[in-house]
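Biologist: I would like to learn how to read the features of a structure like this one. Please take me through them in turn.

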Amino acid sequence: MSGFGEPIARREDPRLITGQGRYVDDLGAGALAAAFVRSPHAHARVVDIDVDAALDVDGLVAIYTWEDLPGRVGEPLPLLIPHPSLTHGRTGHPLARDVVRHVGEPIVMVVAEDRYLAEDAAERIQVTYEPLPPVVGLREAADATRLVHDDVPGNVGAHMVQEVAGEGGADARAAIDAAPHVLEFRLDIERSASMPLEGRGVYARWDTDDGSLRVYSSTQASTSVRAAIAARLGLPPGKVEVIAPDVGGGFGVKIVHPWPEEVLVPWAARLLDREVKWAEDRREHFVSAAHERAQVHFVRVGFDDDGRLLGLDVRILHDHGAYTPYGIIIPIITSTQLLGPYKPGAYRVEFTSLYTNTVIVTPYRGAGRPQGVFCMERTMDRIADFLGRDRTEVRAVNFIQPDEFPYDQGLIFQDGRPLVYDSGDYPELLRRAKKLIDWDGFEKARTEAAARGRRIGIGIAGYVEGTGVGPYEGGHVEIDTSGRVHVSTGLTSQGQGHQTVFAQIVASELGVLIDDVQVTTGDTRRFGYAVGTFASRAAVMSGNAIALACRKLRDKALRIAGEALEADPRDLDITDGVVHVRGNPAAAIPLRTVAVLSNPLRYAFDEEAKRATQFAVSGSMDDPPIAPGDEPGLEGRDYYSPPRSTFAAGMHAAIVEVDPDTAEVRVLKYAVVHDCGRLINPRIVEGQIHGGVAQGIGGALYERMVYDGAGQLLNASFMDFLMPYATEIPRIETDHIETPSPLNPLGIKGAGEAGVIPVSAVIAAAIEDAEGIRIDAMPISPDEIFRLRQRAATGDAELLKRSRGRPVPS
């Protein structure tokens with residue numbers, strides 16, 4: 001059956017790797033094309049828009065500015081996730097109204113017969129600007145000598161404090177003051193962004209006769225895009241269809257809904273009664289899609305002689321860019337997931353989320369967790385260094401123990417529910433990670449490398465990841481009269497292997513062959529209620545919903561088969577799509593026949609259908625053909641809505657080499673031990689981890705968004721934005737433990753972001769171990785390491801690391 005737990009190959013890959021994928025830009029060959037005039041300024045007033053020169057372009061169809069947008073179409077885009085602490089939430093208009101607040105903000109939409117003509121027309125449009133002083137970076141935002149929004153004092157969009165008392169009721173600051181040892185320091189993570197192979201894209205067509213709209217979007221949330229479009233265009237939701245075809249990567253950037261283009265393209269298609277399409281180019285992705293990561297952490301920690309945390313106080317500055325369409329989910333996640341697998345004693349966390357004249361910030365794979373893990377794991381390393389203890393010993397003494405679950409951290413998580421860890425075994429994760437990386441044998445390897453003039457170091461970091469956030473997902477499963485099993489769920493797919501893992505769940509639950517199972521995701525025609533694919537939630541949410549739907553279908557199938565076989569349904573099993581009496585294989589009926597019997601017919605369309613007509617079906621003449629409360633057909637539909645998130649966890653370790661001359665960093669070995677509850681498909685989980693680690697190495701050593709003081713993105717192309725090649729990614733050793741979640745029927749937890757979360761912390765620790773120099777900011781480049789070496793050579797006390805008595809390399 002190739003069911004639950006088996007490491008089968010992904011079923012979708014042959015189609016995708018042979019060029020048979022079907023992406024937004026593959027559709028609508030005859031559609032009109034849209035292009036946008038985008039702001040070249042980070043902050044400016046729009047004084048005038050002159051379109052006269054563009055009117056001479058042959059093939060031009062229409063030009064729109066904000067003044068052309070009627071009613072709700074032109075209103076500010078929605079603030080998707082309001083929060084009481086988000087006191088000054090602001091969103092942009094689909095087309096800039098009076099002021100632009102970041103380079104790349106759309107101002108004019110051009111529609112023409114093809115994209116070339118649309119861009120020709122866009123280049124001829126003259127926009128007159130009155131430049132305004134921009135706010136770039138957290139320091140300028142916090143200083144607030146200039147404002148991004150005139151009506152937002154201090155550039156502060158949100159401010160939030162959460163605090164948990166320690167033993168004896170002491171607050172964090174008091175506990176730290178009373179601690180035997182106190183450390184205080186600052187940690188920085190710079191801005192980065194996801195780079196999916198496929199950028200954003202929208203294709204829309206309007207049916208005048210039917211009054212309906214069909215939209216194809218490269219999105220992570222098709223049902224949410226449908227709701228947004230319906231609301232903006234004043235259409236009944238049932239008249240709007242949104243389909244996510246193959247999506248070439250999401251990583252969070254495609255969870256925003258609606259993007260301006262997802263409103264404007266369908267609106268133009270309806271207005272013009274023509275098909276309209278827009279596909280983002282790479283420059284547009286850099287300057288108008290979302291970024292993430294940029295935060296500053298101010299840490300103060302108190303601990304005892306064993307390294308046990310007694311109090312932790314963290315103050316976070318978060319850069320959310322020019323607008324806040326996705327609310328303050330990222331800093332909430334950072335501030336709560338920062339705690340990782342540890343008991344912090346008393347804990348106080350405060351964050352301030354600030355506006356800057358840069359591209360908006362929304363979740364990017366990891367979604368605030370890489371920053372939080374960097375903060376906590378660097379803190380653990382600082383404590384170990386101060387005490388001269390092994391870094392793994394300090395972590396172990398602070399672990400939540402296996403017999404302490406469920407463990408309430410006393411905070412409120414991103415889903416508005418208590419931060420209660422459901423299950424885990426953190427000591428076992430550490431034990432296995434040390435074995436995989438050969439932690440105890442590393443000093444010998446270091447000595448041998450040093451004898452050959454090589455400089456190597458080792459790092460380790462743990463994390464806990466909240467996965468499967470609500471509120472719900474649904475699943476529908478149907479068996480047709482040929483025995484095929486059709487599965488649909490509303491969330492979308494961007495390469496996670498949903499068509500494989502969901503089919504495995506169905507094969508296990510129903511006892512059918514996996515080759516008979518077909519899975520559809522992200523199509524509102526097939527499933528209308530869903531939330532979306534993000535936060536490592538697909539397997540937890542839709543997987544459990546599909547399993548529950550299967551169980552409904554199975555109960556009905558066994559009941560109908562029992563009537564046909566004159567057997568008690570409790571004595572029946574299903575194997576390879578055939579229902580049979582347990583212990584008597586000859587008494588059997590295929591599920592395809594059960595599907596026929598489940599739908600009493602008046603007409604016979606084929607030979608198989610004759611078995612279900614009103615004269616062929618036997619039974620009491622006093623009973624209706626369909627029992628009260630029953631439905632025709634062999635199908636099941638159900639929803640899964642969790643009481644709170646479930647928490648995956650892991651431990652990563654790495655060995656790096658830093659060149660003594662060039663300061664280039666090479667990752668020699670990388671190990672991951674991971675716990676996502678029961679594994680549906682170990683092969684796919686490992687693939688997710690490997691991809692995440694690659695993305696994490698990019699974030700640690702290569703990828704950053706570099707703005708100048710005028711708010712210009714200086715590396716907005718693949719010529720200048722560095723990403724790791726396969727040659728920069730080492731072999732990744734993985735191991736798994738399974739602590740099933742008690743919160744859902746399948747006992748699973750999410751895995752999609754596990755690989756990326758702790759990588760910056762691990763790499764920073766390993767470089768620091770190799771160099772004996774503090775690494776407090778990521779990503780880090782060879783020239784930065786070189787400058788740190790120079791500073792260390794001058795005796796900069798803040799930069800030097802004790803490193804268990806080892807001398808600092810010259």
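Biologist: How far apart do the C-alpha centres of domain 1 and domain 2 lie?

Modeller: The separation of the two C-alpha centres is 35 Å. Note that this is a predicted model, in which local features need pLDDT of at least 70, side-chain atom pairs count only at pLDDT 80 or more, and totals for chains, interfaces and linings use all residues. Residues are numbered from 1 along each chain as its sequence is written, and side-chain values use heavy atoms, with hydrogens and water left out.

Biologist: Into which domains is the protein chain divided?

Modeller: Domain 1 covers 13–132 + 194–288, domain 2 covers 295–469 + 643–803, and domain 3 covers 473–640. The bounds come from an automatic or database domain assignment.

Biologist: How many residues does the contact take from domain 1 and from domain 2?

Modeller: Domain 1 gives 34 residues and domain 2 gives 31 residues. Contact means heavy atoms within 4.5 Å.

Biologist: What area do domain 1 and domain 2 bury between them?

Modeller: The size of an interface is often given as the accessible area lost when the parts come together. Here domain 1 and domain 2 bury about 2600 Å², with 67% of it on carbon and sulfur atoms. Buried area is the accessible area (1.4 Å probe) that two parts lose on being put together, summed over both. On the domain 1 side, the residues that lose the most area to domain 2 are I81, F251 and F286, together 24% of what that side buries.

Biologist: Now the helices. At what angle do helix α5 and helix α6 pack?

Modeller: Two packed helices are described by the angle between their axes and the distance between the axes. For α5 (residues 222–233) and α6 (residues 260–272), the angle is about 55 degrees and the axes are 10 Å apart. That makes α5 oblique to α6. Angles under 35 degrees count as roughly parallel, over 145 as roughly antiparallel, 65 to 115 as roughly perpendicular and the rest as oblique. Axes are lines fitted to C-alpha atoms, for helices over the stretch in contact, and angles run from 0 to 180 degrees between N-to-C directions. Helices (H or I, at least four residues) and strands (E, at least two) are DSSP runs, numbered from the N terminus.

Biologist: Which residues of α5 and α6 meet?

Modeller: V225, I229, R232 and L233 in α5 meet E262, V263, P266, W267 and R270 in α6. By class, this contact has six nonpolar, no polar and three charged residues. Ala, Val, Leu, Ile, Met, Phe, Trp, Tyr, Cys and Pro count as nonpolar, Asp, Glu, Lys and Arg as charged, and the others, Gly among them, as polar.

Biologist: At what angle do the axes of α13 and α14 cross?

Modeller: The axes of α13 (residues 498–510) and α14 (residues 538–565) cross at roughly 30 degrees and come within 9 Å. That makes α13 roughly parallel to α14. Residues of the contact include F502, I505 and V506 of α13 and S542, G543 and I546 of α14. The classes in this contact are ten nonpolar, three polar and three charged.

Biologist: Where is the peptide bond from F405 to P406 placed, and what is its omega?

Modeller: That bond is cis, with omega near -5 degrees. P406 sits in the loop between α10 (391–398) and β16 (407–412). The peptide bond from M778 to P779 is cis too, with omega near 0 degrees. P779 is in the loop between β29 (777–778) and α18 (782–793).

Biologist: What is the phi of N155?

Modeller: N155 has a positive phi of about 65 degrees, although it is not a glycine. N155 is in the loop between α3 (137–143) and β7 (156–164).
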